[in-house]
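Dear colleague,

I am passing on a structure that I have been looking through, and I would be glad if you would read the notes under it with the coordinates open beside you.

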Amino acid sequence: MESILPASLEEFQQLRCRVAFHALRLRPQIRALGSQVVGRLRASGRPYVAYHPGLLRDTLAFHGCAELFQDIHTELIQYRRNQMIKRGTVKEQLTVDSVSRKMAGLCPLMPEEAGLLLQALGYPPTTIIFLAGSETFGGQRMLIPLRAMFANLVDRTSLCSQRELFDLVGSEDPLTSDLPQPPPPKSEKQLIEEWKRAGPRPRPLPPPPARPFYAHEKEGWYGWIGENDTEPEASLIEFRRQAHRLLWDALDYFVSVEADAFFPGFHNDGSGWPDYSSLVMGHRLYQTPSGITYRPDRKIIAALFEEVNDHRYHPPRNWTIAAREHLNRSASVEGIVSSAMLSKPVSFLAHPLPECSCRTPKSPAVQPVKDSNGRSLFGGEVECPDWMARSLAMASARNSEPQNEDYEDELREDGSSQDTQESNTSDSNKSSEQDEEMDPDD
């Protein structure tokens, strides 16, 4: 479906916005657990940053970023890239210069680089960072540098109990395991008969059998590479795990949209479809345009790290200032417009402005910004309908009224009003705390 529609289809575009951001909602179980996770993250009274590494095996294989890893991970990426070449998904050579690809901004930022950029922005080591995404290629080893810089690096497994995650999945029928099973035990009589039929014993004795492969060494997408060069077909258990990852991604999506700040490790991959980070950034732009959402230009970031490649952990002050200025610009209107030029032609979900937004009569009009083809990228929103303006005015008047004890008792009895009051209070606390702890320029 075409992303940018002509002005004559303005109402149809607004309908698509309503469907994307309102009609299509996550399951109630995901929203409920996501709200609990957000509450636990903010229980300490501090805001949190959501970070999605974007280190996916398919993404790395598509862009040829294999040499950024070592050992078995490089082989796994190259194998998947070879599969993409055979299917026609990738029309390039199998082996490419991953360093040049990274310098061109085609590879994800490594978690170590993301941590250094957050430090350059001024985030303290006690900052709460929520790790989003069900897959981080390379495993926990890739997160060691980031965890050393920010001790409060958490994810859904550390914030939710196993029972809560199990309830999110629901009951499932048991599946037979495709892992190799040990042979059945032999009786003493069978062992004696085999000993008699074995014949003369060779001298010297044969070497002991090779070390057996344990079950945990065959689980996951890496267990096959130790025995053969062909990746086996996905089993029923693997398909079930992929379904679980989709649920976990949906949970992390909810938490990322509600975060006080969002930092993507990879977005705008050029594949023609919005990825996880692009969808989160578009949803945050639609829901809370004033929220902190960084949109780093990976090409500029790669050049900055090339300057301090030998002393990344002790960069000069001018490098820190340059990195901070770039990231602050990326979170401002300038960054929104720059990101729109790349993401909007791909999907309006990644940049839903200005078609999906409106302004009230009291809000000042923003000068529209257009691209070279005359298509609007930012500003120039139409006025909100009368029914929406009346609803906003009633809500603001209701919030500004003084509340006595009887009115507060009524609010406690009405669950929806209580939720509204708590959300307004949390928003006000969040803004004050954000000014205190999250301002990178302080």
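Please bear in mind that this is a predicted model. I began with helix α15, whose buried residues pack against α6 (111-121), β4 (261-264), β5 (292-293), α14 (298-307) and α16 (333-343). The helix itself covers residues 317-330, and its 14 residues reach 20 Å from the first C-alpha to the last, which is close to the 20 Å expected at 1.5 Å a residue.

The residues of α15 that are buried are Trp319, Thr320, Ala323, His326, Leu327 and Ser330. When one looks down the axis of α15, these buried residues fall within an arc of 135°, so they line one face of the helix. An α-helix has 3.6 residues a turn, so residues three or four places apart point the same way. On the other side of α15, by contrast, Arg317 and Asn318 are exposed.

Two of the elements that α15 packs against, β4 and β5, also belong to an open sheet of five strands, which has the order β3-β2-β1-β4-β5 and parallel pairing. The edge strands of this sheet are β3 (153-154) and β5, each of which pairs on one side only. Between β4 and β5, which run parallel, there are two bridges, and Ala261 stands opposite Ile292 in β5. Helix α13 (residues 276-287) packs on the sheet as well, where it touches β1 (48-52), β4 and β5, and its direction makes about 150° with that of β4.

Key. Residues are numbered from 1 along each chain as its sequence is written. This is a predicted model: local features need pLDDT of at least 70, side-chain atom pairs count only at pLDDT 80 or more; totals for chains, interfaces and linings use all residues. Side-chain values use heavy atoms; hydrogens and water are left out. Helices (H or I, at least four residues) and strands (E, at least two) are DSSP runs, numbered from the N terminus. The expected span of a helix is 1.5 Å times one less than its number of residues. Buried means under 20% relative accessible area, exposed over 50%, partly exposed in between (1.4 Å probe, protein chains only). The arc is that of the directions from the helix axis to the C-beta atoms. Contact means heavy atoms within 4.5 Å. Two strands pair if DSSP finds at least two bridges between them. Axes are lines fitted to C-alpha atoms, for helices over the stretch in contact, and angles run from 0 to 180 degrees between N-to-C directions.
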